[in-house]
Amino acid sequence: MKHSRITIKDVAREAGVSIATASESLNGKGRVAAATRQNVVDIANRLGYTANRIAKNLNAGRTGSLVLTVSPMAVQSSGSDLQPEWDIEYYFRVLNGASAEAFRRGYLLSMLPSHSSSQAYLSAADGLIVVDPSDDDELLADAAHAGLACVTIGRNSGELSWVDNDFSTGTTMALAHLDATRRSRTALFLSETSSFYVRDELSAYLDWCSTVSLEPIIIRSSGPRVDEAEPVIRAALASPDRRFDAVLTTLDTLAFATERSAHMLGLAVPEDLQVVSLTDSRYLDYGLQKPITALDLHPVRLGEVAVDLLLAKLDGESDRRRELVDASLTVRESTLAD
């Protein structure tokens with residue numbers, strides 16, 4: 001037998017008050033006697049009443065919907081109908097953290113396909129979260145044109161609030177770890193330089209090389225996928241002129257391709273080649289000859305903080321906020337140091 005939903009009318013009738021008084025009691029508003037307010041709250045709890053989120057948001061002039069997307073500049077289309085960014089675990093975990101926090105705060109969060117027109121989504125949302133924005137990002141421009149509240153995961157060149165990791169410190173931490181047991185000649189393996197975080201990692205790497213008097217070695221893949229990265233890193237590892245014995249990658253997929261290519265070429269990890277990823281995922285701990293040491297960016301927490309920043313903006317906060325989430329190094333068998 002299907003039971004009808006408990007409404008504010010049921011609570012008001014049970015408490016012997018008007019609907020307006022019941023609503024004010026539950027919302028903490030109005031001039032309601034303390035005893036009456038507590039009685040309404042107790043009855044609502046006993047009946048199992050929960051506020052209708054849609055109605056509540058509509059009363060506040062909102063849709064109750066938030067949108068999260070990855071900047072199109074941060075990913076490269078694979079030519080299929082699948083979203084390439086959601087093949088990368090980091091983005092999926094960001095989405096998980098943001099959607100759970102949004103729901104806890106009374107909102108539903110949707111994923112905006114990065115290769116689709118954004119206008120229909122933006123017009124039906126209260127706010128937008130953009131992951132890994134780039135300079136002159138069209139999504140940020142669209143949000144500003146629509147008057148839509150917007151924050152970013154990753155720094156932006158405008159005046160929007162953002163949450164990010166300290167990638168410079170994380171990169172230096174990873175390089176120092178590689179050097180802890182033996183002096184390493186480390187190459188940086190990346191797939192793009194349009195994202196702020198990659199620029200930070202590249203800058204920290206170049207600073208490190210200058211500090212320890214090593215010539216920078218930068219290897220670039222044509223894209224972020226394993227199948228795009230493998231031919232590039234395999235050629236670099238097989239080169240008779242190879243001048244590196246460690247690889248620092250900006251993505252977990254690039255690290256996966258590096259370890260697998262090393263194994264195919266008969267290189268022992270970590271004895272012949274150390275490997276570290278500046279993005280962690282479950283793929284680096286399973287299915288490889290040697291699990292890969294990686295920087296945990298705590299993407300779930302990034303998603304949660306982004307939602308908090310966005311809702312603060314919706315509630316009228318005018319100040320630009322900048323939040324940093326600490327990264328931590330997860331040491332596995334792909335490196336020599338403990």
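Apart from neighbours within four places in sequence, S65 is in contact with Y107, L108, S110, A124, A125, D126 and G127, where contact means heavy atoms within 4.5 Å.

E230 is found in helix 10 (residues 226-238). E230 counts as buried because its relative accessibility is 9%. When residues up to four places away in sequence are not counted, E230 touches A257, R260 and S261.

## Basis of the model

This is a predicted model, in which local features need pLDDT of at least 70 and side-chain atom pairs count only at pLDDT 80 or more, while totals for chains, interfaces and linings use all residues. Residues are numbered from 1 along each chain as its sequence is written, and side-chain values use heavy atoms, with hydrogens and water left out.

## The protein as a whole

The secondary structure consists of twelve helices and twelve strands. The protein has 338 residues, and 50% of them count as buried. Among contacts with a separation of 6 or more, 70% are made by residues 24 or more positions apart.

## Helix 9

Helix 9 comprises 16 residues (196-211) and reaches 22 Å from its first C-alpha to its last, close to the expected 22 Å; the expected span is 1.5 Å times one less than the number of residues. After helix 9 comes S213, with a positive phi near 60°.

The buried residues of helix 9 are F196, Y197, V198, D200, E201, L202, A204, Y205, W208 and C209. They pack against helix 8 (167-179), strand 6 (186-190) and strand 7 (218-220).

## The largest cavity

A cavity is a set of points, on a 1 Å grid over the protein atoms alone, where a 1.4 Å probe fits but cannot get out; lining residues have an atom within 4 Å of a point. By this rule there are three cavities of 30 Å³ or more, and the largest holds about 70 Å³ of space.

The lining of the largest cavity is formed by I88, Y90, Y91, D132, F167, Y197, L251, T279 and L297. Y197 is also one of the buried residues of helix 9.

Notes. Helix = DSSP H or I, 4+ residues; strand = E, 2+ residues; numbered from the N terminus. Buried < 20%, exposed > 50% of the residue type's maximum accessible area, 1.4 Å probe, protein only. 1 Å grid on protein atoms, 1.4 Å probe; cavity = no way out; pocket = protein on both sides within 12 Å on 5 of 7 lines; lining within 4 Å. Points joined across faces, edges and corners; volume = space filled by probe spheres on them.
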